[in-house]
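Please look at the sequence and the 3D structure together, and keep both in view while reading the report below.

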Amino acid sequence: MESSSNHGGIQQLLAAEHEAQQIVNAARTAKMTRLKQAKEEAETEIAEHKTSTEHGFQRKLEETSGDSGANVKRLEQETDAKIEQLKNEASRISRDVVDMLLKHVTTVKN
């Protein structure tokens, strides 16, 4: 009787071990599935972030490039206006400067 009791106990232990192994395997499978899913979600997020960042960069680049052309044109106009102003000022006072230089060069001090 003890033998059948021991045999029944061993069978129960084997069945419990088998059931535990199935539970562990199911948990591993679920874990691997979740890891794959998390990896795919992360890759999707990374791709979306990269695309968003790239679009933002391209938009900024277009904005600054457009402004750059406008800035260059504005600066050229300002520079031309300043050059013209300096030329006018120089021509206005050049005769006075020449007269002053001639006066100082031709004046003899004892």
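## Charges

The protein chain carries 16 positive and 19 negative side chains, and the centres of these two sets lie 11 Å apart. Here Lys and Arg count as positive and Asp and Glu as negative, while His and the chain ends are not counted; each charge is placed at NZ of Lys, CZ of Arg, CG of Asp or CD of Glu.

This is a predicted model, in which local features need pLDDT of at least 70 and side-chain atom pairs count only at pLDDT 80 or more, whereas totals for chains, interfaces and linings use all residues. Residues are numbered from 1 along each chain as its sequence is written, and side-chain values use heavy atoms, with hydrogens and water left out.

## Overall form

Along the principal axes, the C-alpha atoms fill a box of roughly 150 × 40 × 10 Å.

## Surface and exposure

Of the 110 residues, 1% count as buried, a class that means under 20% relative accessible area, with exposed meaning over 50% and partly exposed in between (1.4 Å probe, protein chains only). V24, found in helix α1 (residues 2–106), counts as partly exposed because its relative accessibility is 37%. The C-alpha atoms of V24 and L61 are separated by 54 Å, and these residues are 37 apart along the chain.

## Salt bridges

A salt bridge is a side-chain nitrogen of Lys or Arg within 4 Å of a carboxyl oxygen of Asp or Glu, and by this rule the count comes to four. One of them joins E78 and R74, whose closest N and O atoms are 2.9 Å apart; because these residues are four apart in helix α1, about one helical turn separates them.

Another joins R92 and E89, with the closest N and O atoms 2.4 Å apart. R92 is exposed, with a relative accessible area of 54%, whereas E89 counts as partly exposed at 37% relative accessibility.

Technical notes: Helix = DSSP H or I, 4+ residues; strand = E, 2+ residues; numbered from the N terminus.
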